[in-house]
Amino acid sequence: MAGRAHSPAWIDPARSRARTFRQKLDDTFYATSLYQRILRGYHPVQIDYVPRELWPGNPDTANALFQGQFEFAGQLVSAPNGNPLRLAAPSQAWLDELNSFGWLRHFRAMGLDAATRHVEAMVKSWLEDFDHWHPSAWRPDILARRLIAWLTHAPMAISTRDLVYHSAVMNSMARQARHLARSIDRTEDGLPRLVAAVGLVYSGFCLPQGELRLRKGLAALNREVDRQVLADGGLVTRSPQDQYEALRLLVGLNTALREANETIPAKLQQAIDQLAPMLRFFRMGDGGLALFNNSYEEDADTLDTLLDIANAPGQPVSGAVYSGFQRVVAGPMTLLLDAGAPPPAEQSIHAHAGLASFELSLGDQRMITNCGASEMLGGGGWQHVSRTTAAHSTLVLDNRNSCSILENQRIGRRPSQVKVTRDEARDTISLEVFHNGYAELMGLGHRRKLRLRRDGTELAGIDTLEKVAKVRKGSATIYDIRFHLHPSVQTQMSVDGGAVSLHLPDGSQWQLECMNGLMIEESVYLGERGNPQRCKQIIINGTVSENPTTIRWLLSRLPNS
């Protein structure tokens, strides 16, 4: 697999404007009656192959949908007598999940005739409102997910009793597949483009007369695997969430191709063999995912099922140098450190400014975390806040981001240097990461050293601010070193303000000490989809007063706890 390609410091403004202009031209053309005539073609009467659903549904979720409780992307809209397709969507993520139809698997788990009738009514309603091109419902990655869902659940979604309805669904799928073949190269870069390629492959071997689409889809899949899967098995987007989604898609496709007696591309199996160990890399002590770059915990049992089906036994590396992460397991401690630069600009639309942040769990208990993703809260403001450096367990200067987030949601200003070293001694494991993300604004670089005892009883940290450049805009004045805590962790400040005790659910007690003084403030935990929770954060606050400015802190387990 290819390593990460070089990219400019940020997207060239003229190039960005040209891309936006072309997108507007394409959308204008797609909305015309001429384009609808272009999409006409062979009208299939049946599906050549129905893929098997690998992921179990939840009858309780289906029952809630029956009752008009539409929970998508962690957001609930209640409309007992309403059509969800005609409701005001609380967020784009909610609307995307609705239009993707991945929720069909829950109705299949019910196994009732009433469930089939309800699914048919939902699909028929969708055809009434969105059977012609729509900028959201026909976005290539959403369209691809919908095609996969309709094909997989064809026995429910495509009735053979109502021939008019059956014909309408088959014709719609054929036209959607043709549009996907035409628009795949214009899909948003990153995971959406991989999703579009997978969907095009499904349409090629599941729908009649799909040979050309199959070839184009496989070519696109091979190209995206080469572009997006790094040499250590991570993805170019550096997102545990994308890692999970990509592996799930590719495992499903691999299974479907094998069971349909189709040729399995060598790169598909190779990608699965690389992605699976890296997904294990991103798991914390409780089995869920670390919260870097727009990720949720996800369900540990679901991750286990995915890895079992992937059947890729490779173990995770300790240092993922291409992906830019380090992992340390020391006794009960599991620590993951973000030690890499943001992804290239084109793939950074969901990237966070979390340079040198880390997460820490003790056994199956999360202790220090990042805030996580924010789709569940809706609104661009919250999504922006969760991407800021302050929403991560790292050092922040003057409440500024270590890399900038542009209006187009991509990463702009970024560090030109990110370096990491790892040293494993008999009793300790040490990590050191340096980045110059603040050099352009304030002339400073941030160096973080973490040393863990192998018995998992102590984590010592040194954060250092070093002068690396001269700037005209003025120098930094205030630093904040933030430790966001999991909601299950209780805190208590010492009398002298120099230490905070941390109480974990299992009764164990830890202590964070720092000579510079500590504060406890409110924070928010967004790691559980659909369940934002209040939590605490510990902040070491001080003034940048000398070169270098060094802050030492120690997290240790209290005796007899």
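## Strand β5, covered on both sides

Let's start with strand β5, where both faces are covered. On one side sit Met-333, Leu-335 and Leu-337, and on the other Thr-334, Leu-336 and Asp-338, all of them buried. This comes from a predicted model. Because 6 of the 6 residues of β5 (residues 333-338) are buried, the strand is largely enclosed by the rest of the structure.

Strand β5 has two partners to look at here. Strand β4 (residues 325-330) is joined to β5 by 6 bridges, and the two run antiparallel; within this pairing, Val-328 has Leu-335 as its bridge partner in β5. The two strands form a hairpin with 2 residues between them, and in the turn Gly-331 has a positive phi of about 60°. Strand β6 (residues 358-362) is also antiparallel to β5, with 5 bridges joining them. Here Thr-334 finds its bridge partner in Ser-361 of β6.

## The hairpin of β1 and β2

Another hairpin is made by β1 and β2, with 2 residues between the strands. The pairing is antiparallel and extends over 4 bridges. Gln-69 stands opposite Ser-78 of β2, and Ala-73 takes a positive phi near 50°.

Which residues of β1 lie on its covered face, and which on its uncovered one? Phe-70 and Phe-72 make up the covered face, while Gln-69 and Glu-71 make up the uncovered one.

Now follow the chain to helix α4 (residues 92-100), where 7 of the 9 residues are buried, so the helix is largely enclosed by the rest of the structure. The buried residues are Ala-93, Trp-94, Leu-95, Asp-96, Leu-98, Asn-99 and Ser-100. Just after α4 comes Phe-101, with a positive phi of about 65°.

How do α4 and α7 meet, and what is the angle between them? They pack at about 35°, with their axes 8 Å apart. From α4, the contact involves Asp-96, Asn-99 and Ser-100; from α7, it involves Ile-142, Arg-145, Arg-146 and Ala-149. These residues divide into 2 nonpolar, 2 polar and 3 charged.

## Ile-148 in helix α7

Helix α7 also holds Ile-148. This residue is buried, because its relative accessible area of 13% falls under the 20% cut-off. Ile-148 touches Val-198, Gly-199, Tyr-202 and Leu-249, leaving aside residues up to four places away in sequence. Ile-148 and Ser-100 are 48 residues apart in sequence, yet their C-alpha atoms are 8.9 Å apart in space.

## Asp-232 in a loop

Next, look at the loop between α11 (211-228) and α12 (240-259), where you will find Asp-232. Is Asp-232 buried or exposed? Its relative accessible area is 15%, so Asp-232 is buried.

The side chain of Asp-232 makes a polar contact with the side chain of Ser-323, at 2.7 Å. Beyond four places in sequence, Asp-232 touches Gln-274, Met-278, Ala-320, Val-321, Tyr-322 and Ser-323.

## Confidence along the chain

Finally, a look at the model's confidence. The average pLDDT of the chain is 91, and 94% of the residues score at least 70. Residues 1-11 stay under 50 in pLDDT. For this stretch, the model has 41 contacts beyond four places in sequence.

Note on methods:
Residues are numbered from 1 along each chain as its sequence is written. This is a predicted model: local features need pLDDT of at least 70, side-chain atom pairs count only at pLDDT 80 or more; totals for chains, interfaces and linings use all residues. Side-chain values use heavy atoms; hydrogens and water are left out. Buried means under 20% relative accessible area, exposed over 50%, partly exposed in between (1.4 Å probe, protein chains only). A polar contact is a pair of N or O atoms within 3.5 Å; within protein, one must be able to donate a hydrogen and the other to accept it, and residues adjacent in sequence count only if both atoms are side-chain atoms. Contact means heavy atoms within 4.5 Å. pLDDT is the predictor's confidence in each residue, from 0 to 100. Two strands pair if DSSP finds at least two bridges between them. Axes are lines fitted to C-alpha atoms, for helices over the stretch in contact, and angles run from 0 to 180 degrees between N-to-C directions. Ala, Val, Leu, Ile, Met, Phe, Trp, Tyr, Cys and Pro count as nonpolar, Asp, Glu, Lys and Arg as charged, and the others, Gly among them, as polar.
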